[in-house]
Amino acid sequence: MKKTFLKCPKRIAILNEKCPDIPNPPKPITTRWGTWIIAAEYYCTYLNEIKSAVEEFSENAQCVNVVKELIKDQSLHSNLVYITTNFQIYTTCNYTIRKRGETLAKSIGIVLEAKQKLKETNGEVVKLILEKCNRVFKKNNGWADFQKVNNIHNGTAVNVNVEQYDSDDLVYMIYAPITSVDVERSFSIIKLINAFFGYVKCFFKDLFCYKIRALVMTEDKNVLF
């Protein structure tokens with residue numbers, strides 16, 4: 001569905017003409033699960049409108065043919081409803097734990113609440129997701145350390161072994177992020193800074209060369225550059 005609309009402005013125009021009151025389809029990112037849930041919510045809400053627009057596509061492109069076959073599947077609507085009903089909360093959770101300035105206690109509480117929601121949800125898919133979560137939590141030693149630090153902050157644990165952190169570190173860890181989003185953001189910022197200084201360097205280099213050429217041309221007008 002993403003390729004059907006993303007790479008063809010003509011199809012977007014048909015959708016806007018056919019259904020002017022709905023927003024354009026979302027663009028989910030493969031490595032960000034929250035974007036896929038948002039996409040499922042969108043198609044669950046506007047499935048009938050999308051169907052009417054897709055039927056207007058006259059191209060023989062492979063992505064169009066696949067989508068036309070997909071929307072005929074009777075289980076599509078049921079699956080979209082299932083995802084929207086049971087997993088809508090995780091888009092909010094995913095966004096909240098990636099925000100800057102959130103306390104460690106709030107971030108951990110959000111994760112534990114989401115995990116509890118999984119346990120309360122029925123279906124074979126949920127069981128697979130819960131098993132995946134348990135494996136990830138078990139392998140992640142940092143998650144256990146964060147829970148110990150959070151217990152110290154809450155006063156619910158006194159004799160907790162966190163020797164790898166100084167007392168001063170534990171105080172400032174009240175705002176410790178539990179995701180690596182800030183690291184990825186820093187990469188983007190560094191890339192932007194390097195690009196800016198690279199541009200400035202080229203600018204002054206060209207300016208310096210221009211002045212040298214002008215100086216030489218005034219001394220010897222027969223010199224060609």
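Guide: Start in helix α9, residues 124-139, where Lys 127 and Glu 124 both sit, three residues apart, or about one turn of the helix. Helices here are DSSP runs of H or I with at least four residues, numbered from the N terminus. The side chains of these two residues meet in a salt bridge, 3.6 Å from N to O; the rule asks for a side-chain nitrogen of Lys or Arg within 4 Å of a carboxyl oxygen of Asp or Glu. Lys 127 counts as partly exposed at 49% relative accessibility, while Glu 124, at 57%, counts as exposed. For those labels, buried is under 20% relative accessible area, exposed is over 50%, and partly exposed is in between, using a 1.4 Å probe and protein chains only.

Keep in mind that this is a predicted model: local features need pLDDT of at least 70, side-chain atom pairs count only at pLDDT 80 or more, and totals for chains, interfaces and linings use all residues. Residues are numbered from 1 along each chain as its sequence is written, and side-chain values use heavy atoms, with hydrogens and water left out.

By the salt-bridge rule, the count comes to three. Another one joins Lys 106 and Glu 102, at 3.3 Å from N to O. Here Lys 106 is partly exposed at 42% relative accessibility, whereas Glu 102 is buried, with 13%.

Then there's Lys 18 with Glu 56, whose closest N and O atoms are 3.5 Å apart. This pair links distant parts of the chain: Lys 18 belongs to helix α2, Glu 56 to the loop between α4 (47-54) and α5 (62-70), and 38 residues separate them. Both ends are partly exposed, Lys 18 with a relative accessible area of 41% and Glu 56 with 43%.

Stay around Glu 56 for a moment, and bring in Ile 14. That residue is also placed in helix α2, residues 9-18. Ile 14 and Glu 56 are 42 residues apart in sequence, yet their C-alpha atoms are 7.6 Å apart in space. Setting aside neighbours within four places in sequence, Ile 14 is in contact (heavy atoms within 4.5 Å) with Ala 53, Glu 56 and Phe 57.

Definitions and conventions
Helices (H or I, at least four residues) and strands (E, at least two) are DSSP runs, numbered from the N terminus.
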